[in-house]
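Me: Got a model here I'd like to go through. Can you take my questions as they come?

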Amino acid sequence: MDIVIDHLTKSYGFQKAVDDISFQVKTGEILGFLGPNGAGKTTTMKMVTGYISMDSGDIKIGGNSVRVKDMNRYIGYLPENNPLYHDMPVIDYLEFCASLQQVPEERMEEQIRRMVRVCGLDVEKHKKIGELSKGFRQRVGLAQAMIHDPQILILDEPTTGLDPNQIVEIRELIRQLGKEKTVILSTHILPEVEATCDRILIINRGKIVADGTADTLRKQAQGQQVLRVRIEAPSYQEVYDELGKLSTVGMVDLLDKDQLRFETQSVADQTSNNQIFNMCVNRGWILTEMIPFETKLEDIFRELTMN
Amino acid sequence: MMSAVWIIAKRELHSFFDSLVAYIMLIAFLGFTGFFTWLFGGDIFFRKEASLQVFFGVSFWTLFIFVPAITMRQLAEEKKTGTIEMLLTKSITDRQLILGKWLACFLLVGIALLFTMPYYISVARLGDIDHGATLSGYLALLLMSAVYISIGIFASSLSNNQIVSFLVALLIGIFFHFLFDVIASGTSGFISELMTTLSLSSHFESISRGVLDSKDLIYFISITIFGILMSEFVISKRN
């Protein structure tokens with residue numbers, strides 16, 4: 001099932017929380033929803049789940065408008081802050097959620113057992129949710145979202161409060177599930193989207209400011225190739241001059257003259273790797289380092305969302 | 001497949017019994033009604049007739065206080081902890097949620113009344129009890145509870161503070177319980193008639209005395225439905 005969001009708008013008073021955004025998520029795609037706090041991520045997700053109404057525009061899930069049809073059977077949703085009944089044992093809670101999502105009686109037990117296993121809740125399954133650590137509560141939240149094996153998963157900050165090991169596990173889990181499901185997950189942890197998502201959507205002040213894979217976003221932001229090189233040669237001046245003569249190199253910067261480190265910026269749409277290597281070979285210099293300098297996602301994010 | 005209303009009601013009943021609310025409510029209700037029915041003042045033995053009228057009179061007030069105490073957390077707590085979002089993004093409508101909550105409270109009151117069956121049996125063995133009037137007395141208590149539960153759930157939908165919900169429910173309840181009556185006796189003509197019609201106590205009295213009039217039944221049922229619809233309206237305005 002795919003999700004099509006079409007000119008979606010939502011205002012709170014005079015403030016537009018979501019301002020005329022449109023995008024699609026295909027089946028089997030994991031979309032990372034990125035943005036500063038208050039950018040409209042949660043609002044958009046709440047509209048997809050039908051929890052809050054839209055002002056204008058439309059959301060279609062598998063071709064059905066959520067305005068017309070209740071699509072919650074097909075959606076697994078982990079709300080922000082992961083609200084749970086703390087006085088309920090894990091197993092009872094999962095059974096409650098499964099029956100609300102109309103999991104048939106004969107599949108109920110199997111489905112609950114599966115979720116307990118997948119989310120690593122076996123040891124804790126008879127404890128009350130209130131007695132669990134935050135990491136385990138988060139797993140219960142994920143388990144309840146997926147209990148009816150939904151085709152669509154909407155996860156609002158799924159890894160908050162987890163320790164690094166748990167984060168890796170949960171990411172792995174989402175990746176696996178994402179192969180056959182349509183997933184939207186929001187986060188403001190940038191390495192997370194890179195690690196988990198096929199596509200990134202950055203939104204700021206209710207508008208989409210970037211849309212693409214991590215690589216395409218980098219390319220867009222970066223423009224020219226930047227290489228950091230270190231060359232063992234008799235003098236830095238010589239290297240500096242030679243680098244400057246190369247046709248693909250637009251700019252050379254001396255970073256450290258004792259260690260002979262340089263930063264080169266290639267001219268647009270060209271790479272300099274070949275030419276630098278050949279130059280060293282011809283001159284008998286030793287190329288000890290050549291590192292493509294990547295614009296970090298953090299920088300892209302900051303650039304797009306700083307106001 | 002279980003209906004969503006029943007799934008909600010079942011969880012809520014479990015939660016009543018897990019959190020001691022149910023036991024406190026049952027013990028307090030039985031203690032109160034038992035004390036005033038059997039032991040204190042103008043109790044059942046001074047009546048010189050085998051009837052449970054004293055018990056119905058005491059319950060009329062006890063339930064008035066107790067019902068808001070069990071309804072106050074129904075939606076307020078869900079709103080406060082955010083679990084209402086988790087619930088309403090499942091395959092369940094706002095109405096099913098409200099009806100489930102209502103049903104759970106109603107069943108709890110029903111259980112409490114069931115525990116007073118020994119009163120009925122005792123009195124029946126002591127004398128010649130009017131079975132019809134007694135049963136319709138119980139019916140009156142159930143109908144009254146239905147109305148107050150509905151009002152209580154509406155009050156609970158307004159706030160995410162349980163105490164506020166409790167007080168609002170009592171405030172609305174007071175009008176139905178006796179203020180409309182007071183106003184009716186202080187006015188005349190149309191207003192007086194309207195107030196008498198709105199007053200719960202007059203409808204309660206006629207049923208609890210054993211007079212089953214469709215007008216009274218319609219009154220209780222329509223106010224219950226109105227309260228449920230109002231709660232649904234409030235919950236649907238969640239953005």
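Me: Where does A:Glu95 sit?
Reply: A:Glu95 is in helix H2 of chain A. Bear in mind that this is a predicted model.

Me: Is A:Glu95 buried, exposed or partly exposed?
Reply: Partly exposed, because its relative accessible area is 36%, and that class lies between 20% and 50%.

Me: Which residues form the negative surface patch?
Reply: A:Asp92, A:Glu95, A:Glu105, A:Glu106 and B:Asp18.

Me: And which elements give two or more residues to that negative patch?
Reply: Helix H2 (90-100) and helix H3 (105-118), both of chain A.

Me: Switching to chain B. What makes up the nonpolar patch on the surface?
Reply: B:Leu171, B:Phe175, B:Ile183, B:Phe190, B:Ile191 and B:Leu194. Together they have about 570 Å² of accessible area.

Me: Which helices supply at least two residues each?
Reply: Helix H9 (162-186) and helix H10 (189-198) of chain B. B:Ile183 belongs to helix H9.

Me: How accessible is B:Ile183?
Reply: Its relative accessibility is 33%, so B:Ile183 counts as partly exposed.

Me: Now the sheet in chain A. What's the strand order?
Reply: E2-E1-E4-E5. The sheet is open, with 4 strands and antiparallel pairing.

Me: Which are the edge strands?
Reply: Strand E2 (15-25) and strand E5 (64-65) of chain A. Each pairs on one side only.

Me: How many bridges join E4 to E5 there?
Reply: 2 bridges, linking strand E4 (residues 56-61) to E5(A). The two run antiparallel.

Me: What stands opposite A:Lys60?
Reply: A:Ser65, in E5(A).

Technical notes:
Residues numbered from 1 in each chain as written. Chains lettered and ligands numbered in written order. Predicted model: local features only at pLDDT ≥ 70, side-chain atom pairs only at ≥ 80, totals over all residues. Heavy atoms only, no water. Patch = residues over 30% accessible without salt bridge, like charges linked within 9 Å, V, L, I, M, F, W, Y side chains within 5 Å. Areas by Shrake-Rupley, 256 points an atom, 1.4 Å probe, with all protein chains shown as cover. Salt bridge = Lys/Arg side-chain N within 4 Å of Asp/Glu carboxyl O. Lys, Arg positive; Asp, Glu negative; His and termini not counted. Charge placed at Lys NZ, Arg CZ, Asp CG, Glu CD. Buried < 20%, exposed > 50% of the residue type's maximum accessible area, 1.4 Å probe, protein only. Pairing = 2+ DSSP bridges.
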